[in-house]
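This report is a guided reading for someone meeting the structure for the first time.

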Amino acid sequence: MEKPSGGADKYNVEAAEILANEAQHLPIAEATPIYEQLLLLFPTSAKFWRQYVEAHMAVNNDEAVKQIFSRCLLNCLQIPLWRCYIRFIRKVNDKKGMEGQEETRKAFDFMLNYVGADIASGPVWMEYISFLKSLPAINAQEESHRMTAVRKVYQKAIVTPTHHIEQLWKDYENFENSVSRQLAKGLISEYQPKYNSARAVYRERKKYVDEIDWNMLAVPPSGSCKEEMQWIAWKRLLSFEKGNPQRIDAASSNKRIIFTYEQCLMYMYHYPDVWYDYATWHAKGGSIDAAIKVFQRSLKALPDSEMLRYAYAELEESRGAIQAAKKIYESILGDGANATSLTHIQFIRFLRRTEGVEAARKYFLDARKSPSCTYHVYVAYATMAFCQDKDPKMAHNVFEAGLKRFMHEPVYILEYADFLTRLNDDQNIRALFERALSTLRPEESIWKKFTQFEQTYGDLASMLKVEQRRKEALFGAGEDGTAALEGNLQDVVSRYSYMDLWPCTSNDLDHLSRQEWLSKSLNNKLEKSALPNGMARLDKASIQSVSSTPTKVVYPDTSKMVVYDPKHNPAAGAGTNAFDEILKAAPPALVAFLANLPAVEGPTPNVDIVLSICLQSDLLPGQSGKAGNPKTQLQSGKAGIPAQLPSGPATSELSGSSKPHPVASGLSLKPTSNRHYGKRKEFDRQEDDDTTTVQSQPLPRDAFRIRQYQKARASSASQTGSVSYGSAFSGDLSGSTG
């Protein structure tokens, strides 16, 4: 098994778990380097720390155990690891008598001070109480002192929302009653409301805690769904704790929030936003020193995070620690070789704020010599000199110096032009544009800026001249650019619009945009048709399809599409065999009905719409008559298909006809009120005595059948009759009227 290495597999969780499991079966000398490497990658993994320390405890290496606990305890606030610590302390002090018992008691207090607020700390409280009860008491004074110590621990435990809070309350009641029933009544009534509040908070807290994966290893965020869900779960728990749901004092509430943040960082160790939230929470609460310590820890966890460094420097600067903030900026700059332009800019601004104009100017002169210096540094310093120092001459000189170096950067030209525009220096602006356009390749952004400038500062002649030059530079003067060089209405709209005001309606703008796009499309098709093997053709259909499409949207060429024709569909008969199999098993009445339907391939009608139309039609009820011969079988129009129809009510009762019909209404295909019919498993069973009337049948749920029943009842109101179900095997229908 290979050890975790750098690169993409550096934080391979599966490989780390396998490696940790293998280390448990190795001798301590071989397992130690493996654990050290794992903990270098996962320094907040309480599970790996516990395995590491238990491996040393198994060989009674007490000194190594102490060193490991000193490295991990305060950063891994997890109950299993801390219980391992208390087991070690009790084992070491077990044979030291009174001195050892005192050391163990201090260790319990130390542990509960850090992890006593954990929702899983109930067993720790119980263990501490059992330890205190087991201490020997020589006289009554020591007994009283021991009972007082036990009572204090109980009273802390019963107001802490843990999984064992109800059991702790019961134990506390028994304890007080065993000491003094008279005193117990007052103490229990005093702590009952506090216990009820803690129990209610526990139930709410448990909902948030159950969403957290406590076995998760801290890895850099990768954007997976699980990581995001865990981040949300921790944010919800932190928000819950910040609301102080138990309404305890501010100090206790802050301690619980700190504990939650520390637990969160065990799993969100590589999330800069969690570190920042933790530090700013301390700063807002007035604990600046605690916030600084959090920032220092965050930079050890994420040394490459510039965001956290800037936030840390901002905190130091805001409290007046200028030198401390300057050191942070210098740490970002490093030796200057790998410093980015953004780092130079932010340090110049910092020096301008804290040390003045000369310090910022001096650093700018040094920074511009750096190979990593880009035009952004020149623009930032010139803007700062103009806006903050109120020195337009210095800003102009900086822009001119940068122009010699960054003449090929269109963005720098535009920034310089904006600066000159603020100075209202139209002559230098024109000169700048002419210099840039003579040096650079045709650049749309600069020509657009030049055109806008002439529209604002120039006259009509200069405006039209610049627009014509722009077209010649961008589209050329040959045959391909002839159409572009011609004046069009778009130019008029551009010249006579201002901000969000337009000399036309939105429909006109859409029309002009479509016409412009259509012209470009036609030119492109002409180019294709001019190729030796070009197959592109211009026809009326393609022009219509192009002209009807909005701008900047690519649509398919409908002129090349084939109209759907079911007759030429090669897959139309693919399901013929399957359909024939269905027809063989279908009742003859259904086959006859399908035979009369038109052949439709392709789109099918919506069944719900067809049924709704049928339900809305008014059909007059007919007269019922006698049914035909029950032995007559319905034959389909296709040979080889057995005549099989489930028995149903006679159609004479519903349709009013005295002849047997091959296709009855929806009621004739499926009986609805025959209780024995649903129990039949073989179609060759026949019940001659199963007869019923239409009125006696229960009303079906189908709306179509309800309507048919209503019509049938209306037609049979003046008649009496019976319906007999024929053989399900033969498909006979029989009916008689009395």
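A residue is called buried when its relative accessible area is under 20%, exposed when that area is over 50%, and partly exposed in between, with a 1.4 Å probe and protein chains only. Because Arg319 has 43% relative accessibility, it counts as partly exposed, whereas Asp289, at 53% relative accessibility, counts as exposed.

The model is predicted, and local features need pLDDT of at least 70, side-chain atom pairs count only at pLDDT 80 or more, and totals for chains, interfaces and linings use all residues. Residues are numbered from 1 along each chain as its sequence is written, and side-chain values use heavy atoms, with hydrogens and water left out.

**Salt bridges**

Side chains of opposite charge can pair when their charged atoms come close. The rule applied here asks for a side-chain nitrogen of Lys or Arg within 4 Å of a carboxyl oxygen of Asp or Glu, and by this rule the count comes to 31 salt bridges.

| Pair | Closest N to O distance |
|---|---|
| Glu127 and Arg83 | 3.5 Å |
| Arg319 and Asp289 | 3.8 Å |

Glu127 forms a salt bridge with Arg83; since Glu127 lies in helix H7 (residues 122–134) and Arg83 in helix H5 (residues 79–92), the pair ties together parts that are 44 residues apart in sequence. Of these two partners, Glu127 counts as buried at 18% relative accessibility, while Arg83 counts as partly exposed at 29%.

The salt bridge between Arg319 and Asp289 links distant parts of the chain, with Arg319 in the loop between helix H15 (306–318) and helix H16 (322–333) and Asp289 in helix H14 (residues 288–301), 30 residues apart.

Glu434 is partly exposed at 33% relative accessibility, and Arg469 is partly exposed at 27%. Elsewhere, Arg50, Glu54 and Arg87 are joined in a network of salt bridges.

**Patches on the surface**

Patches are made of residues with over 30% relative accessible area and no salt bridge, where like charges are joined within 9 Å and nonpolar side chains (Val, Leu, Ile, Met, Phe, Trp, Tyr) within 5 Å. Accessible areas come from the Shrake-Rupley method with a 1.4 Å probe, and for residues only the protein chains shown count as cover.

Which residues form the nonpolar patch on the surface? Leu460, Leu464, Leu489, Val492 and Tyr496 do, with about 480 Å² of accessible area together. Helix H24 (460–475) and helix H26 (489–495) are the elements that give two or more residues to this patch. Val492 is located in helix H26 and counts as partly exposed, at 32% relative accessibility.

Is Thr104 buried or exposed? Thr104 is buried, its relative accessible area being 3%, and its place is in helix H6 (residues 97–115). A polar atom of the Thr104 side chain lies 2.9 Å from the backbone oxygen of Gly100; a polar contact is a pair of N or O atoms within 3.5 Å, where within protein one must be able to donate a hydrogen and the other to accept it, and residues adjacent in sequence count only if both atoms are side-chain atoms.

Glu176, in helix H9 (residues 165–179), is buried with a relative accessible area of 0%. From C-alpha to C-alpha, Glu176 and Leu187 are 8.1 Å apart in space and 11 residues apart in sequence. Glu330, found in helix H16, is partly exposed at 40% relative accessibility, and its C-alpha atom is separated by 8.3 Å from that of Phe347, 17 residues apart along the chain.

Asn60 is not a glycine, yet has a positive phi of about 60°; Asn60 sits in the loop between helix H3 (46–58) and helix H4 (62–72) and is exposed, with a relative accessible area of 56%. Asn244, also not a glycine, has a positive phi of about 50°, lies in the loop between helix H11 (225–242) and helix H12 (250–267), and is buried, with a relative accessible area of 18%.

Note on methods: Helices (H or I, at least four residues) and strands (E, at least two) are DSSP runs, numbered from the N terminus.
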